Structure formats: structure tokens, C-alpha cells
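The sequence and the structure come before the discussion.

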Amino acid sequence: MAETENEDRTERASEKRLQEAREKGEVPRSRDLSGAMVVLAGASILLSYSSSMYMHMRHIYALGLGYSRDALFSDELMSRVLHIALGDMLALLMPIFAATMLAAVGSTVLIGGLNFSSEALVPNFGRLDPISGLGRLVSLNGLIELAKSLLKVSVIGIALVLLLRHDEAAVMATGREQISAGVGRALSLVAHAALVFAAILGVIGGLDALWQRFDYDRRHRMSKQELKDEHKESEGDPHLKGRIRQMQHQMARRRMIQDVPKADVVVVNPTHFAVALRYDDARMRAPRVVAKGVDVLAQQIRLVADAHRIPMVEAPPLARALYATTEIGHEIPSALYVAVAQILAYVYQLKQAVERGGPIPDAPRPDIDPELQGRYRQP
């Protein structure tokens, strides 16, 4: 089943999948390459600063052998000796520590980049399962790690034995030379052995880095279905998005229809357009559109307005201009102030006439700039 699943994963991992892996602390790493660079850095320091290191070692050694009579009876002898020895020890070891630390960090960044993950610090008790541990040992990656370990031990062991046989005379000569020459030669031999070790480990580490990069990409491959599902999650399911837009549109339409009874007037042309306006001079700078629609929605607005006895005024050019220029909840543009004022004045006069029994005023015919009607302009 697992083999079939891996065979289905033929696509390269997406950026989102790789980012999730980095957040979990999963990045390609090569311990062999890191070890090679650390050893190479240490050997380089030994070769470059061997004489200086010898001087510090000699000074530390001499501190325990040479004391004056006054120093022996001094209460500050111990603290002074420890202080001087600590300073020499730091001067002796600090270059090695700094070089190896930089090499360790640099080798890590070289392959997988700089990455910090808090999830990697969380204990994973699943790794304590002996069954899953045995499965990791007999897996492809476990067999490759075993082969690399055997190869490293064999090659490095043979190389170091050959190096010692080649330098056998120099090794034996260190015991017959003066201390300074012997220590210097010993440090040089150790550094050369470390260089050989680092060179062999570097070749193995380079091959291992290529394998780790390949294995990382292989383990994070995705199937075509996973890519589709991820795309849907990030971009959204088109059917679901369409359904959401439809529901939002329906809810907005219901809210708009509910606001029609609050309108002061509905401007219509006979069948196609209907725009409901509301004006409160205490809270509004200009009349505001509370509802608008065409065709079926316009018919609904007219029915609601008629049921709540909201005046409806036929003014086709104005209705088209209001629909084209003003969104629901927004105030009308200043270019339509005069035309809408005429409509509101007519509605007020009409109410007065009905209440007092006076003559019915003539409906206004406001003059509208055809450009304000946009694409709804009549030829």
C-alpha cells in the first residue's frame, strides 16, 4: 500500500508543502559534509597557528614548575596562576572553537539554508516505538546510512594507516628531538592526518549532500490529487466560492428590500428601473440610495413600495442616472442634486395636496445630462 502511494507521488512538492516542512524542522542536512568541514577548519587552524599554540602550551606547563620564594608564600598565588592559565587556555582553544563553529553553521546553511523551528524541539515519543524503529533500520534510508558508515570506517581507516606508515619515521623522531621541535612536529602530523580525514570525509559528504537533497525531494513529492486539493484550499473551490457569492448577493438583496419602506420616494421608469431614495436633512448631507434594481428586482422594489405607500415617481432619465452613478447606501452625486430636489419637492407637495384636498401638482421632468446615464443611456 505504501509503495503504491509513493508511486502515485510523481509531482514536485509545492512551495506551500516545502514551507510546512521547514516549519517542522525538516530540511536537507548532511552530517558527513558538516563533519568534514569542521575537521578541515580545525586542521587548518592547527597548521596555521601551531607555533603560537606551542607557546601557549609551554607557558601553561611552565606555570606549574617555576615559582619564586616570595610567590610560594603569597596568598594570591593560586588565583594569579589560574587567571594566567585560563587566559592562555582561551588563547589556545578559541581559534579552534571559532573556526569549527563557523564551519558547522556554514555547512548547515550551505545545504538546507538557515532554519529554526520550534516544532523540532517538541519531544516525539513515537520515535521510542521499537516496531517503527526497526522499520526505519530496514528502510532504504537506513540501509544507505549503514553503507555510508561502513564505507567511512573502511576508507578512512585504510587512509590513516597508510599515512602513519608513510610518516612512521617522523612519528618515531618526535621522541628524540627537543621538546619544542617534537611538539611542533606532533601538531603537524596531527594536522596532516586531520586533513586526510577531512578530504576523504568531504568526498563522502559531497555525495551524501547530493543524496540528501534527492531524498528530501523524493520524500516530499505530491500526487496530482494532493496538488489539486492544495490549490483548492489556497485558491478556494470555484463551486463553493460561487455558492458563497450567491448567498451574499441574496442576503444583500434581502437587506435592501427591507430598507425600501424607509425610503421617501422611489424613482422609476415604467418597467425596467427602480431606485429608492431617502433623505434626512438632520443626518445626511444629500439624499441617499437605499435600494435599486432592474427588471425583476425593480418589480420587487415597486411592490414593496406600493405595499407601504411609498410614493413612486416616473422619471426614466433620472432613474437610469441614479442607477448608473450611485451604489446602495451612498449619497447621490452633486450633479443630480437639482433633479432629486425637484422630485422630493413634488412628493412633499403631493402629500400636502392629498392631506388638504388641494389640486394635484404636475410631476416634474428633470433635465438629466445623458453622460450620467452611462451605458443605460437611451439613444
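In helix α14 of this predicted model, the buried residues (under 20% relative accessible area with a 1.4 Å probe, protein chains only; exposed is over 50% and partly exposed lies in between) are L318, A319, R320, A321, L322 and Y323. Their packing partners are β1, β2, β3 and α15. Contact here means heavy atoms within 4.5 Å. Helices (H or I, at least four residues) and strands (E, at least two) are DSSP runs numbered from the N terminus.

The model is predicted, with local features needing pLDDT of at least 70 and side-chain atom pairs counting only at pLDDT 80 or more, while totals for chains, interfaces and linings use all residues. Residues are numbered from 1 along each chain as its sequence is written, and side-chain values use heavy atoms, with hydrogens and water left out.

A nonpolar core is a set of buried Ala, Val, Leu, Ile, Met, Phe, Trp, Tyr and Cys residues joined through side-chain atoms within 4.5 Å. The largest has 23 residues, and V267, L277, L318, L322 and L336 have the most contacts inside it. At least two residues of this core come from each of β1 (265–268), β2 (273–278), α14 (316–325) and α15 (337–356). A second, separate core of 16 residues includes M256, I257, V266 and A291. In soluble globular proteins, nonpolar side chains tend to be buried together.

Strands pair if DSSP finds at least two bridges between them. β2 and β3 are antiparallel partners over six bridges, and R278 stands opposite R288 in β3. Because five of the seven residues of β3 are buried, β3 is largely enclosed by the rest of the structure.

I257, a member of the second core, is found in helix α12 (residues 238–259). I257 counts as buried because its relative accessibility is 17%. Apart from residues up to four places away in sequence, I257 touches L297, Q300, I301 and V304. The C-alpha atoms of I257 and K292 lie 9.0 Å apart in space, although the two residues are 35 apart in sequence.

**Loops**

D295 lies in the loop between β3 (288–294) and α13 (296–307), and R309 in the loop between α13 and β4 (312–314). Phi is positive in both, near 55 degrees for D295 and near 60 degrees for R309. Most residues other than glycine have a negative phi. D295 is partly exposed at a relative accessible area of 43%, whereas R309 is exposed at 77%.

E26 is in the loop between α2 (15–23) and α3 (31–48) and counts as partly exposed at 34% relative accessibility. E26 and Y216 are 190 residues apart in sequence, with 8.6 Å between their C-alpha atoms. Not counting residues up to four places away in sequence, E26 touches A21, Y216 and H220.

**Salt bridges**

A salt bridge is a side-chain nitrogen of Lys or Arg within 4 Å of a carboxyl oxygen of Asp or Glu. By this rule the count comes to seven.

| Pair | N to O distance |
|---|---|
| R219 and D215 | 2.9 Å |
| K262 and D259 | 3.6 Å |
| R283 and D280 | 3.1 Å |

R219 and D215 are separated by about one helical turn because they are four residues apart in helix α10 (residues 179–219). R219 is partly exposed at 42% relative accessible area, while D215 is buried at 2%. D215, R218 and R219 are linked in a network of salt bridges. In the second pair, K262 is partly exposed at 49%, and D259 is partly exposed at 27%. In the third, R283 is exposed at 65%, and D280 counts as buried at 19%.

**Surface and totals**

L86, L90, M94 and F97 form a nonpolar surface patch with about 410 Å² of accessible area together. Patches consist of residues with over 30% relative accessible area and no salt bridge, like charges being joined within 9 Å and nonpolar side chains (Val, Leu, Ile, Met, Phe, Trp, Tyr) within 5 Å. Accessible areas come from the Shrake-Rupley method with a 1.4 Å probe, and for residues only the protein chains shown count as cover. L90 lies in helix α6 (residues 77–112) and is partly exposed, with a relative accessible area of 46%.

The protein chain has 15 helices and four strands. Of its 379 residues, 30% are buried. The chain exposes about 25200 Å², of which carbon and sulfur atoms supply 60%. Among contacts with a separation of 6 or more, residues 24 or more positions apart account for 73%.
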